[in-house]
Amino acid sequence: MRSSYKAACLVACTLTLASAAACSSSSTEEQPPSDAERLAAAATAAPGEYGSPVDPSLPAPTDVATDAPLVGTVAEGTVVVSSALWNGATAAVEVDGLVPDVIESSGTCTLTLSGDGTSVTTERPGTPDATSTACASLSIPGADLSPGTWTAVLSYESPVSTAASSPVEVEIP
Amino acid sequence: MRMLTRVLVIASVVAAALVAPTSGVAPTNSAGAADLRYFDPSNIISDAVFYDSWSMDGPAIQAFLNAKGAKCSAGEMPCIKDYKQDTAAMAADSLCAGYAAGNGESAATIIAKVAVSCGISPRVLLVLLQKEQSLITRTAPTVYAYTHATGFGCPDTAPCNPTFSGFVSQVYFAARQFQNYRKNAQNFGKRVGRTSTISYYPATSAANNLNDSRCGNAQVYMSNAATAGLYNYTPYLPNQAALNAGYGTGDACSSYGNRNFWNYFTDWFGSTQSTGGGAIMTKYQSMGGESGALGPATTSFYCGLVGGGCWQAFQAGRIYWSPATGANAVMGEQGERFLQLGSENGLLGYPVSDNVCGLPQGGCYQQFQNATLYGTPATGTRIVRGDIRAAFRAQGSEWGPLGYPTTDEVYGLPGDGVYQQFQNGRVYWSPSTGAHPVVGDQLARHEAQGGPAGLGYPSSDLTCGLIQSGCYQVFTGGNIYTTPTSGTFAVRGGMLTAFRAQGSEWGALGYPTADEAYGSAEGGSSQRFQNGTLYWSPATDAHAVIGDQLATYVAQGAEAGPLGYPRSELICGLIHSGCYQLFTGGTVYRTDATGTHAVRGGMLTLFKAQGSEWGELGFPTTDEVYGLPGGGSYQEFQNGRTYWSPASGAHAVTGRLLTYWQQLGGESSAAGYPAGAAKVSGTVSTQQFTGGRISYDTATSSGTFTPR
């Protein structure tokens, strides 16, 4: 209970003078805060200034959740389309994406645009990244496309992996 | 209990109102982290902070590792605070400046070297090492933790790329990759200024999340290169459950990499944002960055300066930022002077402009909060500030008559005064007068008059447009007057009072044609003007002598002559439109009919006793005429004469008796000089002379001389 009270007090005192009176009485019974209390306080404190953490001596947190190691195969993986848009400046459809959890320099990314009873494709090598393979800057000029709604699919293929995105609609003006 | 509830509500409401957190839900987990309501998915960290490559040096990093790893003892591998390795050389490329080989380099040294080589903050690298393998705080480190230190090239589902193993390679290539994201964004999925779809959880079949079918995704705007880079490196967005959990566990769709990055960074190094740092970075880039005039950075940006300011040093200068002034560069001579003068804490304050060049004479200037620096190759770089700056600006700054400053302020003048020398003049300042420029002929005259110790400080600028195209400038000890024809001269003290009483330059004297001349009789002085002269002595003060009076006065020897100093101005309104002027040695009278003549000594006493110009004699028609026998003299008046001799004193002789006496031979006759006043009885006037008595009867028109 006391820790909750103090956490609230810290926020209130930090953020508003108006509530200062409400917490002034707690100062008469101060004990050095426990690590848990300090961590809890930090969880409700503004980040402070760059270079000046709110509590430089904050103890290291315990039980930190981290991203669990994944052990799935890539053969049936997904390509994530992070961006698919009509770029008026270049007059082209531009698609960016990535193949999560795959790092390969031997793969090929393929963009397929379907619409109006036809389809157009372009290819680029995948770029190996820290934790993924990037399929970036796949571009099809507007000259090859008629106005209307097109469906984009970004696929990836390497000697050991195959993956494709779900369809994404792109509007061509 | 009720009170506690109320406080909590106040706290969260106020927090929400003040910081507009990205989530309205307060963390429910107390596992400890900075308040994740401040986590901004589109701006996890600012570019300025992320690329702040000088933010910690090797010793600072070592101290940090020692503190965070205090509880660590070696496991398969030494603790990172104790880790050392021999490092190989790495060639420079477009992303990093390479790596110089070293023997037994500590982890701290490696981190510091990589940070500077690749332009990534060592703080970011420390957080990266913690986020991936907890290498900063973990005890009993494993081999795996070092070979996968930054997680670079080592996805959890794929074997690590053997080319990139080992601690130095992990750090170097991770840092290099973040520069790769920044400089070759087209090769990666996330780009500044675009909105990207970011999965909450890996979109893989293993995660039962193909096409984000289970956990979904979010549209995230990429505010800056650093944030885009983080999403390239770890392409997942922490979901609300992850954010609510602090450092703890969210739900089955939570990812933690970017959350933990923000948590650790904020807890260890404060905010991931820096207004000042961002402003400095923007300024630096606008000046061309590394290939611009400033060259590469040589320090981190430091904040916490007076007024909430920040600065950063570069090879050829510095950038200073404050909320009040924005970011501006100081370089070259201006920069050196800025540092000499105490930087932002000194009398200049923060720069409010860059150095602006292209002025006349190859000049440059830079504005600071409290002063301006002006420089030309010929004059050097000088500080102009305060009232002197205001006076300088009022004159048109470097385009005006003063030209550029050639000195800083010069102190030690009388009365706590100050001056600053400019190419064509000076600006003087004193507490009572403020600052005013003195240029050209006025300056030469001021100097000739003894400067501030003589003529005092200017209390006005030069004012022109006077009669005869004249100008004047007021000083505490007098005025300086100038016209094209009369020259430039000072009028001071009693002379100035008298000059003003005459109507100044509009009055009878006109403009001065000389400075005051000292060394006259009785400690007096004089000053010539176009139409007259002012004479001053301690006893008489200053009075003007003008026109005919002046000619008469000068003919009498002026102040060195018998008339002495004037003790009044010319006073008119007498009978016959007459005027007079008082001198210490006599009085000068004038009318149009009689001319201007001095009366003095015994003659004056006699004249006054006779009733002056109202009396029988009327106005003088000659000056006193000397050289009579026995050292005598006489003076002619309208209605008679006055005679004086040492033996007889002064007496008037008038009317027919005068004519008769003159017929006798006057003072050369046996009658001699008059020795008393004439007495009239009926028609007979009788007057004593030194040689006898003369009577004249107007009834008979006959005179009689009776010798003694």
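Biologist: Which residues of H11(B) are buried?
Modeller: In this predicted model, local features need pLDDT of at least 70, side-chain atom pairs count only at pLDDT 80 or more, and totals for chains, interfaces and linings use all residues. Residues are numbered from 1 along each chain as its sequence is written, chains are lettered from A and ligands numbered from 1 in the order in which they are written, and side-chain values use heavy atoms, with hydrogens and water left out. With buried meaning under 20% relative accessible area and exposed over 50% (partly exposed in between; 1.4 Å probe, protein chains only), the buried residues of H11(B) are B:Gly276, B:Gly277, B:Ile280, B:Met281, B:Lys283 and B:Tyr284.

Biologist: Within what arc do the buried residues of H11(B) fall, seen down its axis?
Modeller: The arc is taken from the directions from the helix axis to the C-beta atoms. The buried residues line one face of the helix, because their arc is 165 degrees.

Biologist: How far apart are the end C-alpha atoms of helix H11 of chain B?
Modeller: The expected span is 1.5 Å times one less than the number of residues. For the 12 residues 275-286 this gives 16 Å, which agrees with the separation in the model, 16 Å.

Biologist: What percentage of the residues of chain A count as buried?
Modeller: Chain A comes to three helices and 10 strands. Of its 173 residues, the buried share is 47%.

Conventions: Helices (H or I, at least four residues) and strands (E, at least two) are DSSP runs, numbered from the N terminus.
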